Amino acid sequence: MSELSGRPRSFTRRTLLGGAIGAGLVATAGPSLADPGAGMVAARTRFFGAANVDPVTGAVRGDRVILTWFGCTSFAAALGGTVVLLDAWVPRGIHSGYVPTTVAQVGELRPDAIFIGHGHFDHAGDAGALAQVSGAVVFGTAEHCDQIRRQVDAPTFHTVALGDARSTPGATYHHSLGAIEVTAVRHVHSGPKPPDHSAAGSAPFFPVPDLRDAIANPPELCDLVALGSSLSAEEGGSLLYQFRVGGFTLTWNDSAGPLAEAGPQVYDVLRGLPASDVHLGAIQGFNQPFNGLRDVRQYIEAIRPRVFVPSHHDNWLPGLTARGDTYQATLQGELDRIPADRRPALRFLSDPGDYLRPDVLTFSL
């Protein structure tokens, strides 16, 4: 289990004492535990670990934050016992089977909510199907919600609109999900900008595309068709989320835009949020061939996490992307530019070995 250490925070963190299966378990709100069934128990055990899931009810420990990566910027999260999804897409299309799960298996988690960062297919492509089968509430902009409802026939799930695509960058929205306090901030999607030759600039970076995973995991026709049908999905605005539960603060963004040019006011808003224990941040973006990972660093500087965890750096689109390990040295170099007393620890995720590895990102409340 991962423990946070380093510079002090203003919260009080309780020490996890461990114990038998079932210790610290709480039932989540809503219908997810009303009739758990073997499928839900099995899925939660696989995603969150046997020591963290009640084998009868499927309840997840209430004294932990558990994050499990299943490709691109999609995470299954158990936040103090409440199960949610951060983005909703199982990567497939150019390859099949690279990520060791399926949409059906993710749906068996029966999340209470799905939070969408933006509407592109590689972030929200499975949201409608997952919400329909699980009954999860979908959070996103009005455009995200409308687009996701159109993904299925006769949608029965609920949505919560947090502004719309016309919202000003920096606009902030607050919501509660049981004991979880949620703040969403409208920010900017990644985009190319002219090279920044100031002291804040970074050297261009782009890894050599890597086709080995598509060759080893050839695409199935149904996945190619599904990918082709979803390419037209629109951004619909980008949202960054901060979750606060039991004295623990998690921030997640599924894109990192050029704050220096397009969103300086966003930087100020992020800077005004509580500092984060863990920051899950996208690092792959359209500005990296021009400004490297400068934008990523500026998000980290504003969010002020104790631990930074990269995402959107895996080989989800072979031919254009490469495995995440190709980013590690460059990312560490950006972190080294942050003064030591404010620099987060790097908890790097590598594909495919860190997919569905709850032990990598388990924290005590």
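Visitor: Phe-115 and Tyr-241: buried or exposed?

Guide: Phe-115 is buried, and Tyr-241 is buried too. This is a predicted model.

Visitor: What makes the pair of Phe-115 and Tyr-241 edge-to-face?

Guide: The ring centres of Phe-115 and Tyr-241 are 5.3 Å apart, and pairing needs them within 6.5 Å. Their planes stand at 70 degrees; over 60 counts as edge-to-face, so the label holds. Phe-115 belongs to strand β4 and Tyr-241 to strand β9, so the pair ties together parts 126 residues apart in sequence.

Visitor: Which residues do ring pairs link into a cluster?

Guide: Phe-115, Phe-139, Tyr-241, Phe-243 and Trp-252. The whole structure has 13 aromatic pairs.

Visitor: Why is the pair of Trp-69 and Tyr-355 called tilted?

Guide: The planes of Trp-69 and Tyr-355 are at 50 degrees. Stacked needs under 30 and edge-to-face over 60, so this pair is tilted. The centres lie 4.7 Å apart. Trp-69 sits in strand β1, Tyr-355 in the loop between β13 and β14, 286 residues apart. Both Trp-69 and Tyr-355 are buried.

Visitor: How do you know that Arg-149 lies over the face of Phe-157?

Guide: Arg-149 is at 5.5 Å from the ring centre of Phe-157. The distance cut-off is 6 Å.

Visitor: Why do the buried residues of α7 line one face of the helix?

Guide: Asp-223, Leu-227 and Ser-230 are the buried residues of α7. Seen down the axis, they fall within an arc of 75 degrees, so they line one face. They pack against α3. Leu-221, Val-225 and Ser-229 are exposed on the other side of α7.

How values were computed:
Residues numbered from 1 in each chain as written. Predicted model: local features only at pLDDT ≥ 70, side-chain atom pairs only at ≥ 80, totals over all residues. Heavy atoms only, no water. Buried < 20%, exposed > 50% of the residue type's maximum accessible area, 1.4 Å probe, protein only. Helix = DSSP H or I, 4+ residues; strand = E, 2+ residues; numbered from the N terminus. Arc of directions from axis to C-beta. Contact = heavy atoms within 4.5 Å. Phe/Tyr/Trp six-rings, centres within 6.5 Å; stacked < 30°, edge-to-face > 60°. Lys NZ or Arg CZ within 6 Å of the ring centre and 35° of its normal.
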